[in-house]
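Please open the model in a viewer and follow the stops below in order.

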Amino acid sequence: MIYAVASGKGGTGKTTMSSSLAALWDTPITLVDLDVEEPNLHLFLKPELNDIQKAYIEVPEADEDKCTKCRACSDICQFKAITIMADTLLTFPEMCHGCGGCFEVCPEGALTPGKRELGEICRGTADGNDFIMGRLRIGEAMSPPLMRQIREEFPALKAKGDVLIDAPPGVSCPAMAAVMDADCIVLVTEPTPFGFHDFKLAWEAFKPMGKPMGAIINRAGIGDNTVQNFCADNDIPIWAEIPYSREVAEAYSKGDVIAKALKPLEPTFTALRENMRAAAKKAKEVSHA
Ligand code: SF4
Ligand code: SF4
């Protein structure tokens with residue numbers, strides 16, 4: 001199964017939850033940090049990275065001699081990454097999403113693949129589990145193409161065991177891309193007005209995918225019961241509540257995995273794991289029925 005830990009906004013404790021789940025997973029699992037703009041799962045899991053490779057996308061390079069300025073490429077490119085100005089063909093590699101459309105429509109074979117560096121994909125092991133992390137190049141604006149390259153590995157990873165994705169925060173393209181393959185989504189939130197606002201946005205964004213979803217309320221005890229009431233009204237199970245405490249904050253600030261550093265929290269995370277498993281399994285059975 002593939003599990004995604006997501007959150008409507010940053011700073012809710014998503015990576016804290018992912019790292020604790022990773023540490024207590026009791027069957028083979030690959031840990032994947034898809035928050036490629038700001039990966040930090042490795043700071044907690046401290047993997048040994050033994051394979052770091054640059055990742056690229058194909059961008060068009062034009063042969064002016066072959067180009068008839070027919071504009072087929074500029075017409076199809078919705079990102080304005082290739083255009084004709086004053087009878088000159090111009091390409092803007094930084095704006096290219098690597099969709100390949102312009103190559104397909106060019107009738108003259110005037111476009112050949114160049115490449116733009118997206119970032120890197122790092123692989124290794126963390127506490128006996130496989131670990132993969134994407135890291136976007138500084139200045140690179142587009143994370144989905146880098147995420148896509150990691151997501152292409154999911155079928156092979158899934159054949160070896162479970163996959164746990166630490167998703168980017170928010171509800172825009174990267175967050176949607178990160179949860180797309182999941183069999184179950186866990187939404188981390190906190191019981192504050194900001195937390196509720198972003199939790200609701202994330203739930204509304206992910207709900208049309210029809211995947212089982214549950215909530216983790218982090219820093220429980222601060223704020224009010226708005227999140228709990230919303231979950232009750234909308235049949236969203238609350239799979240775990242992590243109380244707000246100085247010990248948790250201290251463990252986090254030291255880069256510790258809280259489920260390991262604070263033994264009393266271990267049953268909360270094992271129950272969370274079992275809830276996630278049960279939800280994913282039930283959804284699978286329903287879809288096969
Ligand atoms: S590959 Fe796609 S995004 Fe890039 S220039 Fe061609 S059509 Fe535009
Ligand atoms: S589609 Fe090919 S021939 Fe037409 S303008 Fe683009 S590069 Fe030139």
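Begin with the lining of the second largest cavity, which by class has nine nonpolar, one polar and four charged residues. Here Ala, Val, Leu, Ile, Met, Phe, Trp, Tyr, Cys and Pro count as nonpolar, Asp, Glu, Lys and Arg as charged, and the others, Gly among them, as polar. A cavity is a set of points on a 1 Å grid over the protein atoms alone where a 1.4 Å probe fits but cannot get out, and lining residues have an atom within 4 Å of a point.

This is a predicted model: local features need pLDDT of at least 70, side-chain atom pairs count only at pLDDT 80 or more, and totals for chains, interfaces and linings use all residues. Residues are numbered from 1 along each chain as its sequence is written, chains are lettered from A and ligands numbered from 1 in the order in which they are written, and side-chain values use heavy atoms, with hydrogens and water left out.

The second largest cavity holds about 90 Å³ of space, a volume being the space filled by probe spheres set on the points, which are joined across faces, edges and corners. Select Cys67, Cys70, Cys73, Cys106 and Ala110, the closest to its centre of 14 lining residues.

Next, display ligand 2, which sits in this second largest cavity (more than half of its atoms lie within 2 Å of the grid points). Around ligand 2 are 14 residues, the closest being Cys67, Cys70, Arg71, Cys73 and Cys106 (a heavy atom within 4 Å).

Finally, move to the largest cavity, with about 100 Å³ of space. Among its 15 lining residues, Cys77, Ala81, Cys96, Cys99 and Cys102 lie nearest the centre.

Notes: On a 1 Å grid over the protein atoms alone, a cavity is a set of points where a 1.4 Å probe fits but cannot get out, and a pocket is an open set with protein on both sides within 12 Å along at least five of seven lines; lining residues have an atom within 4 Å of a point.
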